[in-house]
Amino acid sequence: MRRSGPPALHFLAMGVALFTLERVAVPRRPPGPPPPPAAPLLTPDRLAQLRTDFTRQAGVPPTADEEQALAAQAIDDEILYREALVHRLDRDDRSIRYRLAEKMRFLSDGQEGDGDEERFYQDALALHLDREDLFIRRMLATKMRLLAERREADPAPDDAALEAYLDLHADRYREPERTSLWHVFVSSARGTACERDARALLARLRADAMPTTAPLGDPFPFGAYVRAASPRELAQHFGEAFAAGVARLPVGEWAGPVASPYGLHLVRVEAREPGRVSPLAAVRARVLAEIREERRRERLAAAMAALRAKYGVQRAGAAQESRG
Amino acid sequence: MRVVLSRVGTAAVLLGLGLAGVFTASPARADGPGPWARTETRTPCASFNLLRHPYFGETHVHTVYSVDASIFDVRNTPRDAYRFATGEEIGLTPYDAEGHPRRTLRLRRPLDFAAVTDHSEGFGESYICFTPGEDGYDSDECTKLRNAIVQGEAGDLTTVGNTLTGLLIPIVALPAPHRWSFCGDGGSHCLDKASIVWDDIRAAAEEFYDRSAACTFTSFVGYEWSGTPLGNNLHRNVIFRNDDVPALPVSYIEQPTPQGLWAVLGTACQQSLSRCDWLAIPHNSNMSSGRMFLPENADHSPLTAADAAVRAASEPLVEIYQAKSSSECKPAVGTPDELCAFESTNRVTLFGNSTPTNTFAPLSFVRNALKEGLKQEQAIEVNPFRLGLIAATDNHNGIPGGVREDEWTGHAGVLDADAAAPYPGGRLDTQGRANIEDSPGGLAVVWAEENSRDAIFAAMRRREVYGTSGTRPIVRFFAGRYPKAICSRPDLVEMGYRQGVPMGGEIGTVDRHGPTFIVLASKDPGEEALPGTPLQRIQIVKGWIDANGDPQEKVVDVVGDPNNGASVDSTTCTPTGAGFDTLCATWTDPEFDVRQRAFYYARVLENPSCRWSTYACNSLGVDCTNPDMVPADLQGCCSASVPKTIQERAWASPIWYRPEGIGRLKATLHYHAPGADTLRLVAHMGPGLAARLATQDFQVVVRDDDVILDATIPAGTFAPSDGGFAVNDPTGHFGGVQQAIVEPQRAGQTIIRISTIGMDLSRADRTDHAVEVEIRIGTLVASHTRLWRATSAVLRTR
């Protein structure tokens, strides 16, 4: 399940995607001082908090693997946050400013006065109130992640690339099996006669020379012919039991009765076509979107690896999957 | 049984005459005629049914792009909404600090189609307020908006409410709306950014539109026009036919009147773009103080025929039911119908309180608006309120089609939250900010040949649609010349189309007893673990204007059993009692009056089932036997004014009877050598038409997916002849017409005969399909659409 940031973050993603690095408010000023070298990336307190949150959500404490994943995630967040500070992404953000000023105002017993916002803000910074504010940390980490995964001026994938992707993931683009059939409907409104009538009709249908053109049975809302329906469509209109029953019938002969929520049906399967992979022309937009997503994930993974190296993070086991 | 078996013999005889029934109708090709125009490039659908399938969808849902969703910490995007519609699990508010959703939801029965319809008034503002670095990001308005979200996340909904009221509502509630301070001159800065959001909405729709032959899902580009002047809800959703859409939506701020909206959309869409087409669907007339369906123009002048035609063409449908209650009717507001109490609200305006003593203007309700439409048609010959009926959710969580009563997750993010109870606990307090009157909403169902944009849009245009209150019964409704025993004929549906018109259609005088109506309904087939509720009965609702000019209505039980004693145990929600799997009946109106125009729509009722509030209260273990022990914020569970059970239902679009309309039609198109085809038709229409011919143009149009014949005979051309009027022209000067005769009959009708010279009519496709004949005399327009049959030589009615 993907995570979502606050709406801010979705729009930010769109904004960064559309604008170059320069046009997003990354200030053109020299980076600030590096963070204090001794500060650990993950404190025991933080880890304990993550453990508690997990337990509360999931109902059981995390396993060793789960805890390792939580820790890795938290370290990634911390790295991004610190890198955001290095790039001074916090300095021009009005809502961070507003939030910190309000916090400081509250702590100062609600002293009034506009224009004191700057003073409250500076005081809040001096007290490092921003360091503990989860929203601010998350906001800055996300801003940094978006900058890290930003699209370079790479060319859109060409048809060859799209075809190759389609081939590689053919199963995802396979169309369902399609069944065409005639059916004669015997309504449950006939009561106890329903089954008897169905069997009599079946005998008739099997015996007649031109059965498919004889109007028999009761009216059904979409007629007697079902054309190229997928299993899901059959289930949707006739119920799941019917769809399952039809799947077992031979082609080209009257069979049944097959039950639906409405009564019994005598069915003659005309054709059953296995699903084929959609041609590119039909799914181009989807394939393009998926390739772009894949490339974005790769760029982010590379950027995270570089950042981890920079901050001296060691990983036991495989490289961590970056967040989607 | 006996009847059927003997018909087998008859059928064998009929076969010999080449008049075999339904089975030869179906092999129409998938890339064959619509009868609608194909306006897009796509692979033809493998699954195509000339007799049409019901497709279930959502025409009204909001995502993070609507400020009244994002303010409640709703984060689902249009792509998330489409993922949900197609059966994927998505997350819901609230989110933890890491951004994980604390709730998730999945549709067990995916939708066939959906349109994401966010409030267009705030697109640019949303973008700016949530994109650091944008001009306006630091503004007061944006800062307050973001702060409200943060407060709401933390559980403080007062700030959210105040921000909604103080900041957002004025945008749509001021009669002379304006944008926020940072939007610049004419709102240009915000409109500039709005296109970024609009482009993303369009891109999301494109990504999820299945253009392959599988046709598993159809998305529509759309948005909501959110005019709410002085709190009166005038909202309507604009749905575009395909991906050829204007660069920006037309919002309330640019066009603060519906008439302005239609006019500017007409210019920006049909007149400017090659394939563009749209329609608008109004909703919540119940909260419009009667203003949604006022028969007047924006300047309060009365409607002319041209004005009415614009309205009817722009808005062929109405969303009769959604989360904010039903707008069908209300007990005692122009009706004694007790079933109007279904999901009924006492809010008169969108932001008002629900007070039982509030009084409603009659035109707040669709049934009354339909009657008003008849009154207008009587006066100006055109019905402005020719409304087909659908339902939707208006869900602000980004979950289209999330209509199940037993697992309703609420309407809009943290609005439904409650400290004491899981979602939608915030709604179970009768005094609460989130209204217990609200409900999950319903679904839109269209009868279309295939699941593609053109097919579904065309179905909406011709109003062959119905709405449900959330379940999935299958409903057919026809009017025409039918044998009384048609319910035992398996070719009922094909006969329905060949000898009459389906729901949404219009019909003229068939004979003095009026048309025969057919209703056929199947219960919701249900899912593996959740069977559908049996049907209880089908009703027909008739509306007409009496001799004094007053609106009248009558509700008739046509089939089923209102006293079947079916019920549901509200503590366990277990249903008891019998019902019907399918219901079928024919009906004629015993009070039919040839001179009196009327509408008839069908209402299908299920057996009782639990309301969402009952499910929610039961799962919280609320015990009303001891009211003092029930917490204040769950009082709604025990309130006598909140129904514990409901009867889910479907509303099928009306069929309109028009005295002047085309009641009978016989037409034959002969294919001869190329350029030498001929068409002859005979139409029975109402009285008083011959008198117009001196001063009004006469036009006949025959069309399927393109125009087959379009002939105009100017005013004054018809000359008296044999008790009638005629035009004889061997040259076919008037659009190919060789002879046109208009014959008033002693009994009051008018018979119109048209025959053409040999001409090119090859645009008429040579397979069975629906063909429309339209006859216009001045402002009077009557149309008649039926299924015509084809052989190699001929295309003909019946």
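A:His183 has A:Val267 as its bridge partner in strand E4 of chain A, and that pairing is a handy way into this predicted model. Strand E1 (residues 178–187) of chain A and E4(A) run antiparallel, paired over 10 bridges; two strands count as paired if DSSP finds at least two bridges between them. Strands (E, at least two residues) and helices (H or I, at least four) are DSSP runs, numbered from the N terminus.

A word on the ground rules. Residues are numbered from 1 along each chain as its sequence is written, while chains are lettered from A and ligands numbered from 1 in the order in which they are written. In this predicted model, local features need pLDDT of at least 70, side-chain atom pairs count only at pLDDT 80 or more, and totals for chains, interfaces and linings use all residues, with side-chain values based on heavy atoms and with hydrogens and water left out.

**Strands of chain A**

- E4(A) also pairs with strand E3 (residues 254–260) of chain A, antiparallel, through 5 bridges.
- Within that pair, A:Val258 has A:His265 as its bridge partner in E4(A).
- Getting from E3(A) to E4(A) takes a hairpin of 2 residues.

**Confidence in chain A**

- Chain A has an average pLDDT of 80, and 79% of the residues score at least 70; pLDDT is the predictor's confidence in each residue, from 0 to 100.

**Nonpolar cores**

- The largest nonpolar core has 145 residues, and those with the most contacts inside it include A:Leu234, B:Tyr466 and B:Tyr600. Such a core is a set of buried Ala, Val, Leu, Ile, Met, Phe, Trp, Tyr and Cys residues joined through side-chain atoms within 4.5 Å.
- Helix H7 (residues 188–208) of chain B supplies the largest share of this core, 9 residues.
- Apart from it there is another core, of 39 residues, with B:Leu693 and B:Ile757 among them.
- B:Tyr600 touches, among others, B:Phe477, B:Trp587, B:Ser653 and B:Tyr657, leaving out residues up to four places away in sequence.

**A four-strand sheet in chain B**

- This open sheet of 4 strands goes E14-E13-E16-E21, with antiparallel pairing.
- Its edges are strand E14 (500–502) and strand E21 (582–587), each pairing on one side only.
- On average, neighbouring strands are turned by 15° against each other, direction ignored. Axes here are lines fitted to C-alpha atoms, for helices over the stretch in contact, and angles run from 0 to 180 degrees between N-to-C directions.
- Strand E13 (residues 474–480) and E14(B) run antiparallel and are joined by 3 bridges; B:Phe478 has B:Pro502 as its bridge partner in E14(B).

- B:Ser653, in strand E23 (residues 645–657), counts as buried because its relative accessibility is 0%. Buried means under 20% relative accessible area, exposed over 50%, and partly exposed in between (1.4 Å probe, protein chains only).
- The side chain of B:Ser653 reaches the backbone nitrogen of B:Leu389 at 2.8 Å and the backbone oxygen of B:Val465 at 2.8 Å.
- B:Gly508 sits in the loop between strand E15 (506–507) and strand E16 (516–522), and is buried at 0% relative accessibility.
- Beyond four places in sequence, B:Gly508 touches B:Tyr657, B:Arg658, B:Gly661, B:Ile662 and B:Gly663.
- B:Gln322 belongs to strand E8 (residues 317–322) and is buried at 1% relative accessibility.
- The side chains of B:Gln322 and B:Asp394 make a polar contact (3.2 Å). That term covers a pair of N or O atoms within 3.5 Å; within protein, one must be able to donate a hydrogen and the other to accept it, and residues adjacent in sequence count only if both atoms are side-chain atoms.
- B:Gln322 and B:Glu343 are 21 residues apart in sequence and 9.2 Å apart in space, C-alpha to C-alpha.

Notes:
Contact = heavy atoms within 4.5 Å.
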